[in-house]
Amino acid sequence: MVNTTAVYARIDTDLKESAEGILSQLGITPSSAIQMLYSQIVLRGGMPFDLRLPSKKPVAVGAMTKAQLDAELTKGMASIESGRTYTVDEVDEEMHKRYGI
């Protein structure tokens with residue numbers, strides 16, 4: 001039998017449940033997923049994915065969480081209520097200047 005040890009970690013309950021739901025659909029146990037992660041860390045000599053700050057590019061509405069979308073809509077409403085509005089051309093120009101799109 002392989003010599004094993006326990007790993008204990010505290011994580012957000014919703015994150016755990018979401019991840020375990022996906023792992024279950026893939027037929028992978030949480031223990032197997034952790035074993036895979038640790039194996040990749042050893043093989044690569046570091047994390048098996050890039051660790052970097054998020055890009056400054058805008059996020060598509062479909063990729064936003066409900067909370068993110070609500071926050072953006074709230075900012076937009078505050079902008080309208082304060083009289084700060086922009087034409088489509090002004091928005092296009094700003095998007096091109098800031099993000100090159």
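Reply: Helices α1 (13-26) and α2 (30-44) each supply at least two residues of the lining of the second largest pocket, where helices are DSSP runs of H or I with at least four residues, numbered from the N terminus. This is a predicted model, in which local features need pLDDT of at least 70, side-chain atom pairs count only at pLDDT 80 or more, and totals for chains, interfaces and linings use all residues. Residues are numbered from 1 along each chain as its sequence is written, and side-chain values use heavy atoms, with hydrogens and water left out.

A pocket here is an open set of points on a 1 Å grid over the protein atoms alone, where a 1.4 Å probe fits and protein lies on both sides within 12 Å along at least five of seven lines; its lining residues have an atom within 4 Å of a point. The second largest pocket holds about 420 Å³ of space, a volume being the space filled by probe spheres set on the points, which are joined across faces, edges and corners. Of its 14 lining residues, A9, I11, E20, P30 and I34 lie nearest the centre. The lining divides into 11 nonpolar residues, one polar and two charged; Ala, Val, Leu, Ile, Met, Phe, Trp, Tyr, Cys and Pro count as nonpolar, Asp, Glu, Lys and Arg as charged, and the others, Gly among them, as polar.

The largest pocket holds about 920 Å³ and is lined by 21 residues, with E72, K75, V91, M95 and R98 nearest its centre. The elements that give two or more residues to this lining are α3 and α4, and α3 gives the most, with six. By type, the lining has 10 nonpolar, four polar and seven charged residues.

R98, in turn, meets E94 in a salt bridge of 2.7 Å, N to O, and both belong to helix α4, four residues apart. Salt bridges that share partners join E94, K97 and R98 into one network. R98 is exposed, with a relative accessible area of 58%, while E72 is partly exposed at 38%; exposed means over 50%, buried under 20%, and partly exposed in between, for a 1.4 Å probe and protein chains only.

Key:
Salt bridge = Lys/Arg side-chain N within 4 Å of Asp/Glu carboxyl O.
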